[in-house]
Amino acid sequence: MSRDQDQKTFDIYVDETSKNSPFMGIGALFTRKDSARSIAHMIQETIDGFGDRPNRELHWTKLKNHQLPLYQAVALKLMACTQVKPYRMRFNALIVETSKIDRSVSEGANREVILSKFMFGLIFQMASNFGVNNQYRVFIDSPHGREECDVALQAMLNNRAFSRTGQRTNPFKVVRYVRSENSRLIQAADLLAGAIAYETNSLHLANQPAKHRLALWSAMLEASGYKTFAEPTRARLNRLQIMHFDFEKSAARRKFEKPPPPETDNQ
């Protein structure tokens with residue numbers, strides 16, 4: 001593939017975090033295909049520079065005290081990719097209040113089905129900012145350990161693009177589940193989403209929080225230029241965007257709801 005085509009092909013890497021907490025986070029990292037390669041190389045180069053094992057997998061929840069310098073180095077470089085020119089990526093986080101996911105209105109739908117609805121909206125929103133004349137490859141952290149394409153989700157995304165534009169360009173060329181250990185960009189999405197969910201769930205205020213995790217969050221927040229990760233960002237096109245899902249206003253909420261019971265003659 002030519003470099004020109006690389007610049008028209010965008011990659012979206014998706015991961016979830018804090019699924020058992022009051023606030024769940026879904027993070028999506030958006031970048032050009034060629035930039036994805038350079039960011040992955042940057043992460044690997046940083047790991048190698050610290051003398052760590054080359055296949056070290058980075059995850060917010062796996063951070064150990066002695067690994068803090070490595071995690072900080074990687075996280076700050078990722079922040080710079082969204083804050084410092086030349087910008088190399090965007091990152092969107094969708095925060096969902098788990099208590100408002102009323103599973104009683106989605107009988108027969110397991111957690112992964114419900115989660116996929118939130119992912120669908122986040123993925124499509126990011127791609128829609130760049131239009132249907134580009135190509136998109138979507139990589140999602142595998143919840144079941146298998147690496148496989150999601151043909152149904154790919155079709156849904158392409159059908160939504162067609163319904164929005166009337167153009168049958170099928171911009172979503174790949175939608176695939178990948179294992180996080182095989183994707184440095186999935187790991188990057190995990191680190192960024194993890195820091196945002198950490199503060200949103202007020203874990204930084206917990207009694208005796210882990211000092212290394214507190215230090216990593218603090219360094220990332222300072223590098224972002226934001227006062228807090230716990231509130232939605234206001235500017236629509238921020239390269240680091242935080243959104244809170246609104247159950248009352250969203251059409252996705254209505255899709256979960258049961259139809260009203262049929263009227264009877266006694267009513």
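**Notebook: loops, a helix and confidence**

I looked up Gln208 and found it in the loop between α6 and α7; helices here are DSSP runs of H or I of at least four residues, strands are E runs of at least two, and both are numbered from the N terminus. I read its phi near 55°, a positive value in a residue other than glycine. Gln208 counts as exposed because its relative accessibility is 72% (buried is under 20%, exposed over 50%, partly exposed in between; 1.4 Å probe, protein chains only).

This is a predicted model, in which local features need pLDDT of at least 70, side-chain atom pairs count only at pLDDT 80 or more, and totals for chains, interfaces and linings use all residues. Residues are numbered from 1 along each chain as its sequence is written, and side-chain values use heavy atoms, without hydrogens and water.

I then checked Ser202, in the loop between α6 and α7. Its phi is near 60°, positive in a residue other than glycine. Ser202 counts as partly exposed, because its relative accessibility is 38%.

I next took helix α3, residues 68-83. Its 16 residues should span 22 Å at 1.5 Å a residue, and the end C-alpha atoms are 22 Å apart, which agrees (expected span is 1.5 Å times one less than the number of residues). I listed its buried residues, among them Leu68, Tyr71, Leu78 and Met79. The buried residues of α3 pack against α2, α6, α7 and β7.

I also noted a cis peptide bond from Lys85 to Pro86, with omega near -5°. Pro86 sits in the loop between α3 and β3.

Last, I looked at confidence: the chain averages a pLDDT of 88 (predictor's confidence in each residue, from 0 to 100).

Conventions: Contact = heavy atoms within 4.5 Å.
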